[in-house]
Amino acid sequence: MTTLRMEEAAHAVLARNDRGGYTVPTDRLYPFQWNWDSAFVAMGFATFDVDRAFRELERLIEGQWDDGMIPHIVFHAPSDTYFPGPDVWGTKHHVPTSGITQPPVFGMALRHVYEAAVASGLADAETRAKVLFQAALRSHRWWLAARDPEDLGLVSILHPWESGSDNSPAWDEALARAPTTTSTAIRRKDTSHVNAAMRPRDEDYQRFIHLVDVYRDCGWNPKQQWARAPFKVADVQMTAILARATADLMHLAGILGSENDRAELAQMQGRLVNGLARRWRPHLSRFVSLDLISGADIEAPTQAGFIPLVALALDDAQRSAITAEIRRWLDGMTVGIPSAPAFSPAFEPKRYWRGPVWAVINWLIADGLRLNGAEELARHIEQSTVRTIENVGFCEYFDPTTGEGLGGDTFSWTAAAYLVLGR
Ligand code: 9WN
């Protein structure tokens, strides 16, 4: 297909997954609105329809809680093709939602969409962006209060689903402490849509649902959850995305907020950047998350170790070490960046977050490399992502060893990544 035909095909994927101002990740497998998927999708829409891009973010914050949390799933309309649905979460929000969150790409998306709206002369851009700016600010306050109560300058996940990288090898040790017993009956639907060999294992689901049971029993109260959490990881991927989104909001504060908002954001950003900078490990040439229950560094190699590029200005030694490490992970692969490298004992090239390549991860890492002056490697990653999508379509993720498309097809965030990275 020509580039133009592929762009039309990407628009068609987004149109097909549109459920009325919000976009499902893909039909049937994920029939609701997901938090970070929608933020990426909004940036994809911004390449051709800024009004619709705003709508995506506006619909997401219909699910925002009073305490500021933006949930990881908003269940706008019922569907029985996904587990766990609203009954399992039992959150009692007026729009049904899950009870956990996901990476706050929202602030990055808001800046991107607002700038595209201004460039295209959208009449109500400022009014709409102001509402979204306040929602983002409230969610960042929630992050620091609820998920960094000990002032580490790092925010924690209490559930692997929050990371967006559900069955990453990074969680293996920490998740093994969560029992496999559940009070909720597990009725997986994912494996009826997608080959089970490409999905998390049953044992992972047992632990995932055990955690949901614990937090539901806490009445979704953040303080109780923090005290009782059997899984608590200060995650560098999450912290980096939050720090970057905070910087983007700071940039917007002059137009969309007040001087106080800007000062508050600057303070948050300083705290996060300092916390993140302390997670660099020279002997690994990447950043590492911290298991708050054992107190140990999580050294298992995963893509998360490179995500701080989006938020930090690395020094020369760090920059050459991290780029060399990324090139090592690409070595021998048909397409990178693998979510776990081929040299890792945990590497499974077809199993979800244990090896496959994800277009939105490449998007973040390429963006961070460019910010850090590694233009050539950034370009290489973007172009190989675009070529892979052109070869096999808008798949959920890709086998790094073969370039094969895996998981769900006609995937919204892959279409969005194509539109943004292909420009
Ligand atoms: C749980 C929707 C989501 C992505 C995540 C991805 C997967 C859900 C699941 O799908 O997670 O949130 O049921 O597997 O891991 O990153 O947001 O595309």
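In what order do the strands of the open sheet of four strands run, and is the pairing parallel or antiparallel? In this predicted model, the order is β3-β4-β7-β8, and the pairing is antiparallel. The edges are taken by β3 (156–157) and β8 (297–298). Each has a single partner strand, so one side of each is left without a neighbour in the sheet. Strand β7 spans residues 289–291 and is joined to β8 by two bridges. Across this antiparallel pair, Leu 290 stands opposite Asp 297 in β8.

The protein as a whole contains 17 helices and 10 strands. Its radius of gyration is 20 Å, close to the 22 Å given by the globule rule for 423 residues, so the protein is as compact as a globular protein of that length. The C-alpha trace spans about 50 × 50 × 45 Å along the principal axes. Of the 423 residues, 57% are buried. Among contacts with a separation of 6 or more, 71% link residues 24 or more positions apart.

Helix α16 covers residues 375–392. It has 18 residues and reaches 26 Å from its first C-alpha to its last. That span is close to the 26 Å expected at 1.5 Å a residue. Buried positions in α16 include Ala 378, Ile 381, Glu 382 and Ser 384. Thr 385, Val 386, Thr 388 and Ile 389 are buried too. Just after α16, Gly 393 adopts a positive phi of about 100°.

Note on methods: Residues are numbered from 1 along each chain as its sequence is written. This is a predicted model: local features need pLDDT of at least 70, side-chain atom pairs count only at pLDDT 80 or more; totals for chains, interfaces and linings use all residues. The radius of gyration is taken over C-alpha atoms; the globule rule is 2.2 Å times the number of residues to the power 0.38. A residue is buried if 20 or more other C-beta atoms lie within 10 Å of its own, exposed if 12 or fewer, and partly exposed in between; C-beta atoms are placed from the backbone. Two residues are in contact if their C-beta atoms, placed from the backbone, lie within 7 Å. Two strands pair if DSSP finds at least two bridges between them. The expected span of a helix is 1.5 Å times one less than its number of residues.
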